[in-house]
Amino acid sequence: MEDQAHQTGPTAGPDHERRWAELADLALIISREIQFRGYTDEQAVPLSPSEGMVMRYLQHEPAAPPSRIAAATGLQRTNLSTVLGGLERKGLVERRTNPGDGRGITVHTTEHGRANYALVRQEWAAAVSAAAGHDATHLDATLTLLTAVEAGLTSLRPGTRAEGPATEA
C-alpha cells in the first residue's frame, strides 16, 4: 500500500492538505496584518473589509447596480446598503438614478474614490514588499497561484450570502 503523503499530483495526500491549510492560515494572517498597520499617508481613507471589497469591485466596474455589486462581493443587499452609505459619506462613491427609466440606481466611484484606492494599494505594496525583504523571486508564481485560488473560491461561493455556508446534516 502506498503512503498518500508521497503521492504526486496537484491535490494528492495529507501533506498537500496540511500545506493548503497553511496557505489559508497565512492568507488570513497577512490580510489582518495589512489591515492592522493602517496607512502612513494622512490622505488615505481607511476602509472596513466590506468597504474594501466594494471599492475593489468598483475599480474594475466603475458604475454598477447594487444587485451586481452584492452578487460580486458576496454581501447581502441590506449589508451592502449600509456599506454604500459609509462609502458615500467618505466621498468615495455616489449613487445615481438610472437616466433611462428613473427607477434603478447605479453606484459610481468618485475621483476621490479612485485616487484613494490607488493610494492604499501603493501602501499595501510597500508594506508587503518590505515584509518580504523586497525579494520578488517567487512573486509571479505566487500571484498566479493566489489569482487561481481567488477565482476558484469565488466560483464555488454559495448562491447568496443569505443562504450562508453549506452545513452538514
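What follows is a chat about helix packing, a sheet and an aromatic pair in a predicted model.

Student: Let's start with helices. At what angle do α2 and α4 pack?
Tutor: Helix α2, residues 49-60, packs against helix α4, residues 77-89, at an angle of about 80 degrees. Their axes are 10 Å apart.

Student: What do you call that arrangement of α2 and α4?
Tutor: Angles of 65 to 115 degrees count as roughly perpendicular, and α2 and α4 are therefore roughly perpendicular to each other.

Student: Which residues make the contact?
Tutor: From α2 you have S50, E51, V54 and M55. On the α4 side there are L80, V83, L84, G86 and L87.

Student: And how many of the residues in that contact are nonpolar, polar or charged?
Tutor: The contact of α2 with α4 has six nonpolar residues, two polar ones and one charged one.

Student: Okay, new topic: the sheet. In what order do the strands come?
Tutor: The order is β1-β3-β2, in an open sheet of three strands with antiparallel pairing.

Student: Which ones are the edge strands?
Tutor: Those are β1 (63-64) and β2 (93-97), and each pairs on one side only.

Student: Over how many bridges do β2 and β3 pair?
Tutor: Five bridges, in the antiparallel sense, with β3 covering residues 105-109.

Student: I'm looking at E94. What stands opposite it?
Tutor: That would be H108, in β3.

Student: Nice. How many aromatic pairs are there?
Tutor: The count comes to one aromatic pair. Y117 and W124 form it, in an edge-to-face arrangement. The ring centres are 6.1 Å apart, with 90 degrees between the planes.

Student: Is Y117 buried or exposed?
Tutor: Buried means under 20% relative accessible area; Y117 has 8% relative accessibility, so it counts as buried.

Student: How does W124 count?
Tutor: W124 counts as partly exposed, because its relative accessibility is 23%.

Student: Last one: where is A24?
Tutor: A24 sits in helix α1, residues 13-37. A24 is partly exposed, with a relative accessible area of 40%.

Student: How many Å separate the C-alpha atoms of A24 and V149?
Tutor: They are separated by 10.0 Å, although A24 and V149 are 125 residues apart along the chain.

Notes:
Residues numbered from 1 in each chain as written. Predicted model: local features only at pLDDT ≥ 70, side-chain atom pairs only at ≥ 80, totals over all residues. Heavy atoms only, no water. Axes fitted to C-alpha atoms, helices over the stretch in contact; angles between N-to-C directions. Helix = DSSP H or I, 4+ residues; strand = E, 2+ residues; numbered from the N terminus. Parallel < 35°, antiparallel > 145°, perpendicular 65-115°, else oblique. Contact = heavy atoms within 4.5 Å. Nonpolar A, V, L, I, M, F, W, Y, C, P; charged D, E, K, R; others polar. Pairing = 2+ DSSP bridges. Phe/Tyr/Trp six-rings, centres within 6.5 Å; stacked < 30°, edge-to-face > 60°. Buried < 20%, exposed > 50% of the residue type's maximum accessible area, 1.4 Å probe, protein only.
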